[in-house]
Amino acid sequence: MNPAGGAAMRDVRTTCPYCGVGCGVIATTDGVTVQAVRGDPEHPANSGRLCSKGSTLHQTARGGGRLLHPMVRCSRDAPREAVGWEQAMALATGRFAQIVREHGPDAVAFYGSGQLLTEDYYVLNKLARVAVGTNNLDTNSRLCMSSAVAGYKATLGADSVPACYEDIDQADLLFVAGSNTAYAHPIVMRRIEAARAARPGQRMIVVDPRRTVTAQAADLHLAILPGTDVALFHAMLHWLIWEEKVATDWIGAHTDGFDALRGVVRETSPRAMARVCGVREEDIITAARWWAEAGSVLSLYCQGLNQSSSGTEKNAALIGLHLATAQIGRPGAGPLSLTGQPNAMGGREVGALANLLPGHRDLANPAHRDEVARYWDVESVPASPGLSAVELFEGLHSGRVRAVWIVCTNPAQSMPDSLRVREALERAEFVVVQEAFADTETLRHADVALPATTWGEKEGTVTNSERRISRVRAVLPAPGEARADWSILADAARRLAGALHPGRERGFAFENAEAVWLEHRGLTVGRDLDIGGLSWERLERDGPQQWPLPAGAPAGQARLYADDRFATANGKARFSAAPWRAVAEPVDVRYPIALTTGRLRDQWHSMSRTGRVPALFAQAEAPTLDMDGNDLTRRGLRDGEPVMVSSRRGRFVALAHASDEVRSGQAFLPMHWGDAFVRGEGLAGMNALTLPAFDPVSKQPELKHAAVRVSRIEAGWELLAMARLPRASLETVRAQWLAACAHFEAVWVVPMGGDAVGLSLRGFAREPAGPMWLADFDRLIGADGADVMAYDDLAGGHGRRVRVQGDMLWTARLSGRIAGTPAAAGLQASAHWLRGLMTDAVPVRPLSRWLLSPVPPPQSAFAPRDPVVCVCHGVGARAIDAALVKATGSAPQRLAALQSALRCGTSCGSCVPQLRARAQAIAASPDPAAASAAAVAP
């Protein structure tokens, strides 16, 4: 028992379920809930650090919004009802078997996730190929890393990442391309910052159309135009060749294809490509010269290269720079792709993509198919190519594919051209969704919904970006009737194999996750990812291990290709001579803005997990569109007003934000916002804007770029509401509020939190709502009754409701004319301070006369809401500035004093760029106190 007399506490070592850094986590549990999490100081990926998302994992481990029981519906119009596992599995596998008998195995498909554990992935792969006999198996890793896979295979011969995290510490030059590492992989960014502090001579170049937080930390930022990465890399190679800085002897001994590439880059001089890329010629030359001068170059790259219709070429061209200068296979040198998901690497290992087989084998290779068939003890595995992600959902739309089984992912939000994907799911004869959460966009389309376990409840393994395998351990028992994904899939496979291929069901008699992993291990032996020398016991005893780790090896291999021998037939690496290609959808007169997409600092994917943590909305309470301020002015738009973003496929509403991070003619929209949080007439999440064009080799879609136009929305009335609520009810109530306002032009509902938690709503409608609708809405949010204070201006269309219980504000509803009018400005300011009163649990009795006022009270009357900057430690802007003003000395000295006093920026470090900027501003100001007050004024 613990000292307080409760249940005994214990620590469990496990792994974070977010990005591919693969951070170790220590979860503290009482057996009922996860009480806290902290970084594992012994895990080599993070050495005890966690980002804002990882550090709040315990807040996602229990609560509302979970799918707890199998659910089925008799027809598309009928509601789903809870049933037992036997009935649900019999229906799901029975319908799949029927469709296969009537239309063949390729009439069904399976779609998985980079968030699955390796064991889940393996069983899903085997289910499709053995139990059903189809290669229609793909995963959302196709949206994430398939261009990196194709790039490695095209140049180095195998999907084996050559470098490791230690190389960050040892590189002379860090070349970051298409990655806002500070937001997408915060712990890697902390390692970069530490390496640069330890080695002041280390340089960093960042290639990104936006001036991101990562780009702001660079010695050289190449703000290229979207899609021109290959042109840039070829221009750099042109200079290297011209200046005789390439490794001629090494190229001749260890590579093929350089002469063909030399012919291509002959025409790509820095001067010519400067015009193509939209950067200065001298900056291209500087980048090439720094590359040539560096003793070791490490490139780090992610979705800016991958999510492109020429993603394979971008990856291959960057790797080509490494090959041309022999910058590979030694400390501090090589390409290191940053994996977007926690186990996209594991999925590649087990062959869970339509064109792959286990053990980094290729479906198109007959010898590889025979090897796998013999191992699985079947006559053969199917040879016909399977459908990749975009092709799969297009097949559902056309009727070529009649049924789909979706596991642990949310394609109705995450796929490009999401309106068409939703149409496809509606047209499908049968949809099974295997999911942990009950409120995803995809689950609405399920005929059968199967409850799965998630982080904190699963056992198995994952592999991170540097080929390091880590254990994932259960911290809590499974809730309700949820089961492990591998167990659900093995059950389905036994049923389907028994119905379609009697005898094959024996291949799915797995007792536990370890048994699955051992079978997977056997298929790696003799391959580039050989883990024949790794056992479950060794993982338990010695912790995370890198592959390859063949039998007899004392340890895994940190770097590959140190012997200059590559995984090709002749042992030589290959150059790609593909010329640069423009984006799939160039801007034009109708759609003149180049939209790019990416991540927020504190959110992940479609927010089905992070969206349950109120603190993670502190930096972004609404979808925002970053645009150049002059571009907004030319369109008659103002900073902060709602705008319509339209493409050829769909539309989305966001708040305009004048930003100096994007150049004129471009815009940026975070990828996370779907209609689990944002609704509106004709809206279907931000991926309604993106296009399904994909790379011809990797088949990864161009999610990073689309041509759009931006205009004012057709709305004249605004609604804001907020309420304190029990944490367990947030997801249910959020859905109710969104449904009530679905006829609006746009509405978003997000969690808010501090000392108290609840929901915040903001919506825009064409006309003011009528009194009957407002009365119904007030009842829904709890803004009715005798204890409610009310104000109405019927002529002006303005109204306010506040409910105070005891001395605390519990509910508020504000409505009025659309943004841009003086009254609307007051509406926003009032909502801001009311939200602060609510979440900070401020006693409101002294402020009661201001609660219905059209403007907030003067700051002398109350302590205004302190905007959170450091999510990990809950430190606000005013507290930060006060500590910086109190400190003395230079900006670095003030920053160090701040971190010592308040700890902000000492965990994940994502807020460090903001802290550094504030320290510089205050240190440079003749009146630091005045500079502080101006910076945080509401």
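Guide: Gladly! Let's begin with a cut-off: a residue is called buried under 20% relative accessible area, exposed over 50%, and partly exposed in between. Please keep in mind that this is a predicted model.

Visitor: Then what makes Ala-929 buried, exposed or partly exposed?

Guide: Ala-929 has a relative accessible area of 45%. Buried needs a value under 20% and exposed one over 50%, so Ala-929 is partly exposed. Ala-929 sits in helix α30, residues 928–935.

Visitor: Which class does Ala-260 fall into, and why?

Guide: Ala-260 has 46% relative accessibility, so it counts as partly exposed. This residue belongs to helix α10, residues 258–265. From Ala-260 to Arg-541 there are 281 residues in sequence and 50 Å in space, C-alpha to C-alpha.

Visitor: Let's turn to helix packing. How do you know whether α8 and α10 are roughly parallel or roughly perpendicular?

Guide: Their axes cross at roughly 105° and come within 9 Å. Angles of 65 to 115 degrees count as roughly perpendicular, so α8 and α10 are roughly perpendicular to each other. On the α8 side the contact uses His-234, Leu-237, His-238 and Ile-241, and on the α10 side Phe-258, Leu-261, Arg-262, Val-264 and Val-265. Those residues split into six nonpolar, two polar and one charged.

Visitor: And what makes α2 roughly parallel or roughly antiparallel to α20?

Guide: Helix α2 (residues 118–132) and helix α20 (residues 485–500) pack at an angle of about 10°, their axes 9 Å apart. Since angles under 35 degrees count as roughly parallel, α2 is roughly parallel to α20. Contributing to the contact from α2 are Glu-119, Asp-120, Val-123, Leu-124, Leu-127, Ala-131 and Val-132, while α20 brings residues including Trp-486, Leu-489, Leu-496 and Leu-500. By type, the contact of α2 with α20 has 13 nonpolar residues, no polar ones and three charged.

Visitor: How do you know that Asp-675 and Arg-444 form a salt bridge?

Guide: The closest N and O atoms of Asp-675 and Arg-444 are 2.9 Å apart. A salt bridge requires the nitrogen to be within 4 Å of the carboxyl oxygen, so this pair qualifies. Asp-675 lies in the loop between β27 (666–670) and β28 (678–679), and Arg-444 in the loop between β17 (430–435) and β18 (448–451), so the pair ties together parts that are 231 residues apart in sequence. Asp-675 is buried, with a relative accessible area of 6%, whereas Arg-444, at 34%, counts as partly exposed.

Visitor: What makes the pair Arg-538 and Asp-542 a salt bridge?

Guide: Their side chains meet at 3.7 Å, N to O, and the cut-off is 4 Å. Both residues lie in helix α22 (residues 536–542), four residues apart, about one turn of the helix. Arg-538 has 13% relative accessibility and counts as buried, while Asp-542, at 40%, counts as partly exposed.

Visitor: How many salt bridges are there in the structure?

Guide: The structure holds 61. Some salt bridges join up into a network, which links Glu-86, Arg-483, Asp-491 and Arg-495.

Visitor: Which residues touch the most other members of the largest nonpolar core?

Guide: They are Phe-110, Phe-175 and Trp-405, in a core of 164 residues. Helix α8 (residues 229–242) gives the most to this core, with 10 residues. Apart from this core lies another, of 37 residues, with Leu-595, Ala-622, Phe-677 and Ile-713 among them. As for Phe-175, its contacts beyond four places in sequence include Ile-205, Phe-233, Met-236, Trp-291 and Leu-318.

Definitions and conventions:
Residues are numbered from 1 along each chain as its sequence is written. This is a predicted model: local features need pLDDT of at least 70, side-chain atom pairs count only at pLDDT 80 or more; totals for chains, interfaces and linings use all residues. Side-chain values use heavy atoms; hydrogens and water are left out. A nonpolar core is a set of buried Ala, Val, Leu, Ile, Met, Phe, Trp, Tyr and Cys residues joined through side-chain atoms within 4.5 Å. Buried means under 20% relative accessible area, exposed over 50%, partly exposed in between (1.4 Å probe, protein chains only). Helices (H or I, at least four residues) and strands (E, at least two) are DSSP runs, numbered from the N terminus. Contact means heavy atoms within 4.5 Å. Axes are lines fitted to C-alpha atoms, for helices over the stretch in contact, and angles run from 0 to 180 degrees between N-to-C directions. Angles under 35 degrees count as roughly parallel, over 145 as roughly antiparallel, 65 to 115 as roughly perpendicular and the rest as oblique. Ala, Val, Leu, Ile, Met, Phe, Trp, Tyr, Cys and Pro count as nonpolar, Asp, Glu, Lys and Arg as charged, and the others, Gly among them, as polar.
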